[in-house]
Every structure is written in structure tokens, then in C-alpha cells.
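Please keep the sequence and the 3D view at hand while reading.

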Amino acid sequence: MDKEIKHFTVSIYTENNIGLLNRISAIFQRRHINIESLNTSRSEIDGVSRFTLVVDITEEQMKKIIGQLERQVEVIKAYYHTDEETIYQISAIFKIKSDLLFEERQIQNIIKESHARIVTVNKEFFVLEKSGRKQEIDLLHRELSAFGIMQFVRSGRIAVTKNEMKISEMLAAFQH
Amino acid sequence: MKETQTIENITKSTAVTERITGSEAIVRCLLEEGVKVLYGYPGGAIMPVYDELFKYQDKIHHVLTRHEQGATHAAQGYARISGEVGVAIATSGPGATNLITGIADAQIDSTPMVCITGQVPSHLLGSDAFQETDIVGISTPITKWNHQITEAAEIPEVIAKAFYIAKSGRPGPVLIDITKDAQFEEFDFKYKRCKGIRSYKPVPETDISSLEKAAELINTAKKPLVVWGQGVILGKAEEEFKAVIEKAGLPAAWTILGASAIPTSHPLNVGMVGMHGNYAPNILTNECDVLIAIGMRFDDRVTGNLASYAKQAKIIHFEIDPAEVDKNVKTDIAVLGDAKQSLKDLLPLLNANSHHDWHQKFKDLYKIEFEKVIKYDLHPTKEGLTMGEVLKEINKQTKGEAAIVSDVGQHQMVACRYAEFNTSKSNITSGGLGTMGFGLPAAIGAKMAAPEREVVSICGDGGYQMTIQELGTIFQQRTAVKVVVLNNDFLGMVRQWQQLFFDKRYASTKMTNPDFVTIAKGYHLNARRVTKREELASAVEEMIASKEPYFLEVCVEKEDNVFPMIPSGASVSDIRLE
């Protein structure tokens, strides 16, 4: 069971220090594991950063990597979750020629049906933003690429867990 | 005189702030942490610190090694024999990169070490400046922690953290990179030792129920086997360990880094596990019913093929680093925590036992190993000298009181197998990384940390030449180490593998060696070469009697092999005697 390759979302709470990204990515690199997606941001706690990574590995590997992550001095706590245990999103931005918006009626339908948001429009181009699951963004990309996309970028996955991660309590305990 | 008094006054008072440069602060931080000796090599980006080391030379002894790698190994030797943090210092660029092997060695062998490197001024960072290298980036995967300082004001807190991290929990190396402008900058200095870091828990809490379960399993075991590692030594748990095995009558075997935690002669000491370990503990690993691992990490050189390692046994793992639990061998009971406390708490839960019949099995298998291997190693009848008989002679003349600092290769396995130890922290060797060139510089550090002890470095002719320049350090410092080179004119361990697994194709393992005695004499060391058995005892006697550093080359049989041996990828119980 542990040997099956699964999709895991890794959440790592850390101090906000230079070089920590290198230290964390090195743990994966050393084991020849590709990081499928990576996002870093502030977390719900002041001064604590949160890394969100997606990897495709076995649960056995995942457990060992969590151990390796947590033994890093500046990592406060690391967790891993399956898709079912999280609410997750990714975001994408499309830059498309403005002419198309008027010449190709189909594009307007695609935008409407995909629930994408027009961020800005000018004479040359318009910018479309879409948040959601990867499949939805892939679909939108496929549909729009028929007309030509000037630029495309997709963010790493961000996720919150359905269950509580008791990180605040851990930090509070340290203060005492 | 006035100068010295001023320094004395300021080193005592730390509560009040005072305005000093970053470089002076670095030296003052080292003094605050109790550092007496550090090893290093000067260069452009670290010169301000060396200028302060010059001013503080009556308080802190800087040892100029002949290569920065030597500085790291000397710091490691110092740390391993003293239990204190070893300190190495180097300049930026090549100075810093030359530290890497020693840092990697300290990381895998859990040795507390702080390395300080100079860095180009902060405004030149990233400009490919002269002697600029991203040493923080380079050292990240092989340090327990590392950090770059670009402002003097950071120095006290960061160095305090460095020492705290290096020595707490499972120890390891820390690298602090300090830009040259931060070394020149003045700031208000005040030192406070680090007591804790919120994101770092050095010692995990011990679950009392895991201890109770472990005790129950040990109490009901019919064929228990303890395998202990360096965790017993690093945790200063030797007495607690001895009490546990003596009460429960547990046969106990060691990994090479665990050697000397209890005396070699202790009746419960059943020898070394692993690739070139003893026959009995390897064979019986696959026969015991409970395997009690204490402060060891199931290295592949210890376990052989994991698929057939102690599958019949329940596994108990006493461990300080949670990441080690279930990493290689799945445990039934993990007792997290510090070995000293865990073993102390375990003792009252154990029933007294003797396991007499089970012990007899170890004795019977030892007899087989003696007849097939040990007899020929220690009491050879052939003409050529064996490495084993050299060790036997050193044991005899030092009465097991010497610290043996070995390099890496055949001689290392022989030294670990045959050296007799009475006291802990006596076997200093590069275990996990297998760093050739470790033995000579590590012995310098060991002797400086424990000048009252006899320190004998055992090297092969290959590894010796990787750091042979440290003879210069020995000469300059008059460090009274005894250096033994067991010369077989081969890279012996690789040659052994070529013989056994590569149809005797001796690719690049034959060494055309220089006159080692002349080289040692060039450094004004007393030196002698032994080629015949009848010269050995008197040469070792002369070496041990010397109050000065001494070099002894022993020309041994060229194509001897180290046995027993678990071939790579084989099971521990498939250990070969010939």
C-alpha cells in the first residue's frame, strides 16, 4: 500500500530566512524527486512562512521526507496530505490579443463558461485570470490556444487542510 | 602588559555593551563559548579576524594547518575525543570549498563543529569577485545549519546559535559565512548564549509507554541482541548503557562509531557488526529474537541487504533523531529521546537475566572466527607482517589506554577490529563518509584536546598521502601524536574488492610510494621503518616511549585481505570467513 505512487500536497511551516528554499529543495533533489509545484507565502502566523509543494511519490518516501524536513533547524513543522484532505486551488493568467475578443465570438462564450475573470483590456491585449483546479485551467488553455495565447502562466498549488494543523499551539508552547 | 589586562577585563564582562569591530566580536564570541583551540588557514576575506586572533593569542590558540581540509578533520578529532565543539576557520572561495569534505564527514558522523568562513564584502556578493564562492549554497545539504552574516550586529546572536545547534540534540556541523565589511564594522557588542530556538527541538520527548513496551519485550526475550552506536558516546550514556546490559545480561555489539563506549574486554561485548565486523554478532543478528538498537542508524555497511536483515526479530530502536526511526529498518518499538535519560529510565523496568546459553553461541562462533581469521591476523606464521599484529603490539604497549585515530581502508577495519579500548571516546575514525585523509589531521586535534592521552594515528599508505602535508602542522605545533603507516604499496581495500569481485584487475590501486621515513625526517620528526617481525616490538616501544611526535612505517604483506566480509548486497548472515 505504501509503495503506490500518490499525489501529495506538502505544507511546511518555517522561519522566514534566506536560503531555506535551497535547503528544502535539496532534500527532494538528493532523493531524485521532482517537485511538481511549489508556492511560498506568509502563513496565518506572523513571521512564519508556509511552503506548499506537490510531489508524486510513495507514502513511505513521503513519511521519510517529512522527517528530513522537520529535522531542519528552521522548519517548524511539516505535514503531508492527499487531495481528498485538502481544499486546493491554482491560479493562471492568460494574455490574449484584444482583436480576438471582438472577432471571435466563441472566445466570449469560453470566458463566460469558464468563469474566468477579465483583469484588464486595452487596444493590444486583454488579460484573463482563472483560479481553480488544474484540469479546469488546462481545459481553458486548450480552448484558448486554438486562437493563440500571447502569454500564459500558472501558479503553484495553494492548499488549506480540512482538518486543523496545530501549528499555533506548538509555537505558543515555545513562548512559555 | 596593559593590552593584556584590558583584554582580560573585557572578556569577563558581557552584560555591558561596548563598541568593537565585527572581527573582534567573532573572537570574543568564541571565547564566550569556551573555545581554546581553533584550526584554520588565513586569507584575504578573513584577515580582519586573524588580526584579532593575533591580539588574543594568549587566550585562544590558532593552529595553522597546511590545508583547510586538515583544519576540519583536526576540529573533528578535537570534538570526538573531548565532546566539545570543534572549530575551523578559513577564508572565502577555495579556503571555504576546501572545508567541504570535513563538513560532510562531520554531518554524516554527527560531529559537533562550527566552521567560520570569510566572504567578500557584501557589495561584491554575486559579482564573481576574487575568491567569491557561494559557500552557504554549497554547504547547505551537508550542514545542520548555515548562515551568512552581512552586518556586524548579527554576529553575537548567530554565533551563539551556531554553537547551540552544533552541540545540542544530534550534533552536527554549522557553517557561518561572514562578509569582510561586517568584520570591519563597529557595533555595540553584548553576548548571550543561546538557550533555545522555537523551530528546533533538539531532543524529542520520550513516551513512557514506549519504554515500558521495550522493557517488556527485553524481559521476555530469549535471544536478545544489542547493537549500539555513537549515540551512546555522544549522549554520554556509557554508564547507563553498561548498567542496562549488565542487569539484563544482554550481549552487545557495536558499530565502528560506537566502539569504546564500553571496554573491549567487557564480558558482554560481543564485537563489531557490519561488513568487516565479527562473525558471531553478524550471524546472530539473523537469529536473535529481539534486536535492541541504541543510538545507531542502521547504516548499509551495518545491515547488508535490508530484505534479509533481522527479519525474525522484533526491533527496538532508541534514537534521538526521529528521522532515523523506520528510515532503513522498520521498528516495532521506537523509544525517542536522549540515550542517557532513556536508558536510565529503562533500567528499573528490566528483570535481571543472564541468557547463559545464548551467550555460549557467541563464544562458539568466536572460536570459528578465531581459527579461520583472527589467529592468522594476530599470530601469523608467514613471513610478511600483518596489520593485525601491529595493532596487537600497540594494544600491548599502550595497555588499551591509547586513542586510536584511523584513516579509511583495510587498516581502518583492522584497527577497529583489533584495537583494545579501556575508555570511551577512544576510537576516532571516519565512519559514514569514509574519508581517506581523515586519520592524520584528526589525530592532531585529538592529541590537542587530550594531551594527557596517548594518541596513535593508524593510516594506510593511500589515505596518509591525501593529507600528508599535515606533518607540517605536527612539526610546527610539536603535537606528540604517534603516526603509524601500515604500508602495503596498494590501495588495499579497493585492491581486495578487485581481487574478489573484478577478477584481479588491479586498476590504479598499485602505489609507487616515496620514502615515507625520509619525508617524516624532512619535517624533523623521529621516524623509523619496520620490515621484519623481530623489529616490530622495539619500534613500537620506541614510539610509545617518545614524548615527541613520532612516525613509524610498517611494511606489511602486500596482498592480505580483511576478513570476515559481508559482500556488498549480501545478507549479514552470509558473512564470509575466507
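In chain B, 16 residues of domain 2 are in contact with 19 residues of domain 3, where two residues are in contact if their C-beta atoms, placed from the backbone, lie within 7 Å. The side of domain 2 of chain B that touches domain 3 of chain B is made up of nine nonpolar, five polar and two charged residues; here Ala, Val, Leu, Ile, Met, Phe, Trp, Tyr, Cys and Pro count as nonpolar, Asp, Glu, Lys and Arg as charged, and the others, Gly among them, as polar. The centres of these two domains of chain B, taken over C-alpha atoms, are separated by 30 Å. Chain B as a whole is divided into domain 1 (2-189), domain 2 (208-361) and domain 3 (379-568), with bounds that come from an automatic or database domain assignment.

This is a predicted model, in which local features need pLDDT of at least 70 and side-chain atom pairs count only at pLDDT 80 or more, while totals for chains, interfaces and linings use all residues. Residues are numbered from 1 along each chain as its sequence is written, and chains are lettered from A and ligands numbered from 1 in the order in which they are written.

Chain B also contains an open sheet of six strands, in the order S3-S2-S4-S5-S7-S6, with parallel pairing. Helices (H or I, at least four residues) and strands (E, at least two) are DSSP runs, numbered from the N terminus, and two strands pair if DSSP finds at least two bridges between them. Strand S3 (61-64) and strand S6 (145-149) of chain B stand at the edges with a single partner strand each, so one side of each has no neighbour in the sheet. Neighbouring strands of this sheet are turned against each other by 20 degrees on average, direction ignored. Within the sheet, strand S4 (residues 86-90) of chain B runs parallel to strand S5 (residues 113-119) of chain B and is joined to it by five bridges, and Ala88(B) has Cys115(B) in S5(B) as its bridge partner. Helix H8 (residues 155-167) of chain B lies across S5, S6 and strand S7 (173-179) of chain B, running at about 165 degrees to S7(B); axes are lines fitted to C-alpha atoms, for helices over the stretch in contact, and angles run from 0 to 180 degrees between N-to-C directions.

S1(A) and strand S3 (residues 48-58) of chain A pair in the antiparallel sense over eleven bridges, with Lys6(A) opposite Ile57(A) in S3(A). Strand S2 (residues 37-42) of chain A is likewise antiparallel to S3(A), with six bridges joining the two, and Asn39(A) stands opposite Thr52(A) in S3(A). The hairpin of S2(A) and S3(A) has five residues between the strands, and in it Gly47(A) takes a positive phi near 80 degrees.

H2(A) has twelve residues and reaches 16 Å from its first C-alpha to its last, close to the 16 Å expected at 1.5 Å a residue, the expected span being 1.5 Å times one less than the number of residues. In this helix, Lys64(A), Ile65(A), Ile66(A) and Leu69(A) are buried; a residue is buried if 20 or more other C-beta atoms lie within 10 Å of its own, exposed if 12 or fewer, and partly exposed in between, with C-beta atoms placed from the backbone. The cover over the buried residues of H2(A) includes strand S1 (5-15), H1 and S4 of chain A.

Lys77(A) lies in strand S4 of chain A and counts as partly exposed because it has 18 C-beta neighbours inside 10 Å. Not counting residues up to four places away in sequence, Lys77(A) touches Tyr13(A), Glu70(A), Ile167(A) and Met170(A).

Where do the two chains meet? The contact takes 16 residues from chain A and 15 residues from chain B. Helix H1 (20-30), helix H2 (59-70), strand S4 (75-81) and helix H6 (167-175) of chain A each supply at least two residues of the side of chain A that touches chain B, and H1(A) gives the most, with four residues.

Finally, some backbone details of chain B deserve a look. Most residues other than glycine have a negative phi, and most peptide bonds are trans. Asp489(B), in the loop between strand S18 (482-487) and helix H22 (492-501) of chain B, has a positive phi near 55 degrees. The peptide bond from Phe563(B) to Pro564(B) is cis, with omega near 0 degrees.
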